[in-house]
Each structure stands twice: as C-alpha cells, then as structure tokens.
Amino acid sequence: MEIIDGIAGREEPITALFRETFSASEGAAEGRIVAGLAHDLLTLTPASDIRVFRVEETGRVIGAAIFSRLIYPMDTRRVMLLSPMAVAPDWQGCGVGQGLLRHALEALRAEGAEVALTYGDPAFYRRVGFAPVTEAEVQPPLPLSAPHGWLGLSLTGDPMPALSGVPVCAAGLNRADIW
C-alpha cells in the first residue's frame with residue numbers, strides 16, 4: 001500500500017473510487033453525486049487551491065482525500081477543506097483512511113496550512129483529531145443540512161480558532177445539494 005500526493009493523470013480512477021464507495025454505502029444516486037463532485041474538483045480547481053492524496057495497492061486506487069482551499073476573506077489563515085474522501089468498500093476497516101488522513105494532514109501542516117475543516121461522520125474524523133465546530137465559530141460556505149458533521153482541526157498546535165466571515169469554496173463545492 002502506497003500513499004501518493006497528487007493527481008498525476010489518475011482523475012478517472014479517483015472519480016470511480018468515489019462512485020463505487022458512495023454507491024455501496026448511500027446508493028447509486030449518491031454515488032453519482034459524489035463522483036461528479038470529485039470530478040469537478042479534480043478538473044476545475046486551480047492547482048494552487050487543491051491537494052489530492054491517494055492510496056494505491058498494486059496500481060488500484062483504494063483511497064483518496066481531496067482538500068481544497070477555503071478562503072475566509074476577513075481572516076489570513078490558510079484553511080483547507082477535506083471533501084470528499086473515500087476508501088474502497090473492500091478496504092474499509094483496515095486503517096487505510098486513518099493512515100491516509102494522518103499523512104495528508106502532516107503534509108498540509110508542513111506546507112503552512114493552519115486549519116483543516118471537513119463535513120462528514122464525526123465518529124470517523126474524531127479518530128484523526130477533528131472535533132465539532134459550530135457554524136457561529138466557523139461559518140460554512142453554504143447552509144448545512146447536518147450541522148453535527150461540521151468539524152475542524154487546528155494544524156498549528158494552538159486551539160481551533162474562530163474564523164471570520166463567509167468563506168469562498170472551490171467552484172465544485174459551491175452546490176447546496178452537498179451541504
């Protein structure tokens with residue numbers, strides 16, 4: 001199993017991973033939505049605003065985490081939003097996701113990112129240090145359908161900061177149906 005930074009022409013296998021994973025857990029319609037989101041992020045986001053980390057086993061993409069810049073206009077901190085993330089169904093429960101995230105968060109920290117945010121399953125993301133944040137502390141780009149899934153992590157060692165203003169997300173994430 002190898003953790004690789006970057007896309008490197010692997011857009012289709014990464015997109016297929018999201019389709020397979022979310023179809024298996026949430027149904028085919030959700031699989032199509034998340035695969036479309038991943039495709040848009042991979043193909044439309046400027047390289048300076050996206051970081052992709054993937055896990056491959058014998059040439060197969062079995063895990064992927066996409067981080068994109070989340071810009072708070074009234075705050076100078078560098079904030080990265082994790083969305084989406086997936087581990088192939090037959091590899092779940094083997095530590096692939098946690099290992100991938102630990103690697104990604106350390107790489108982002110080394111690059112100067114100060115905060116990581118995500119919107120997902122608190123039980124999973126708490127295992128790598130994320131904690132719930134309120135919309136008052138850290139406003140999301142769009143209204144949340146499940147506010148309990150809004151999570152943050154300081155990458156500096158300091159407590160999770162409040163972030164000021166309405167953030168601007170990558171174009172691929174600027175869709176009410178995913179929030």
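The structure is a predicted model. The largest pocket has a volume of about 1,000 Å³.

**Overall fold**

- Read from the N terminus, the elements follow the order β-α-α-β-β-β-α-β-α-β-β.
- Along the principal axes, the C-alpha atoms occupy a box of roughly 45 × 35 × 30 Å.

**The sheet and its helices**

- Seven strands form an open sheet with mixed pairing, in the order E1-E2-E3-E4-E5-E7-E6.
- Strand E1 (2-5) and strand E6 (131-132) are at the edges; each has a single partner strand, so one side of each lacks a neighbour in the sheet.
- Strand E2 (residues 50-57) and strand E3 (residues 60-69) run antiparallel and are joined by eight bridges. Glu57 stands opposite Arg60 of E3.
- Helix H1 packs on the sheet through contacts with E2, E3 and E4, and its direction makes about 100 degrees with that of E3.
- Helix H3 also packs on the sheet, where it touches E1, E2, E3, E4, E5 and strand E7 (150-154). The direction of H3 makes about 145 degrees with that of E2.

**The largest pocket**

- The pocket, with its volume of about 1,000 Å³, is lined by 37 residues, of which Phe22, Met85, Gly120, Asp121 and Tyr125 are the closest to its centre.
- Two or more lining residues come from each of helix H1 (11-26), helix H2 (28-44), strand E4 (79-87), helix H3 (96-110), strand E5 (115-119) and helix H4 (122-125).
- Strand E4 supplies six residues, the largest share of the lining.
- Classified by residue type, the lining comprises 19 nonpolar, 13 polar and five charged residues.

**Backbone features**

- The peptide bond between Ser83 and Pro84 is cis, with omega at about -5 degrees. Pro84 belongs to strand E4, the strand that gives the largest share of the pocket lining.
- Ala8 is a residue other than glycine with a positive phi, near 45 degrees. Ala8 is located in the loop between E1 and H1.

Technical notes
Residues are numbered from 1 along each chain as its sequence is written. This is a predicted model: local features need pLDDT of at least 70, side-chain atom pairs count only at pLDDT 80 or more; totals for chains, interfaces and linings use all residues. Side-chain values use heavy atoms; hydrogens and water are left out. On a 1 Å grid over the protein atoms alone, a cavity is a set of points where a 1.4 Å probe fits but cannot get out, and a pocket is an open set with protein on both sides within 12 Å along at least five of seven lines; lining residues have an atom within 4 Å of a point. Grid points are joined across faces, edges and corners, and a volume is the space filled by probe spheres set on the points. Helices (H or I, at least four residues) and strands (E, at least two) are DSSP runs, numbered from the N terminus. Ala, Val, Leu, Ile, Met, Phe, Trp, Tyr, Cys and Pro count as nonpolar, Asp, Glu, Lys and Arg as charged, and the others, Gly among them, as polar. Two strands pair if DSSP finds at least two bridges between them. Contact means heavy atoms within 4.5 Å. Axes are lines fitted to C-alpha atoms, for helices over the stretch in contact, and angles run from 0 to 180 degrees between N-to-C directions.
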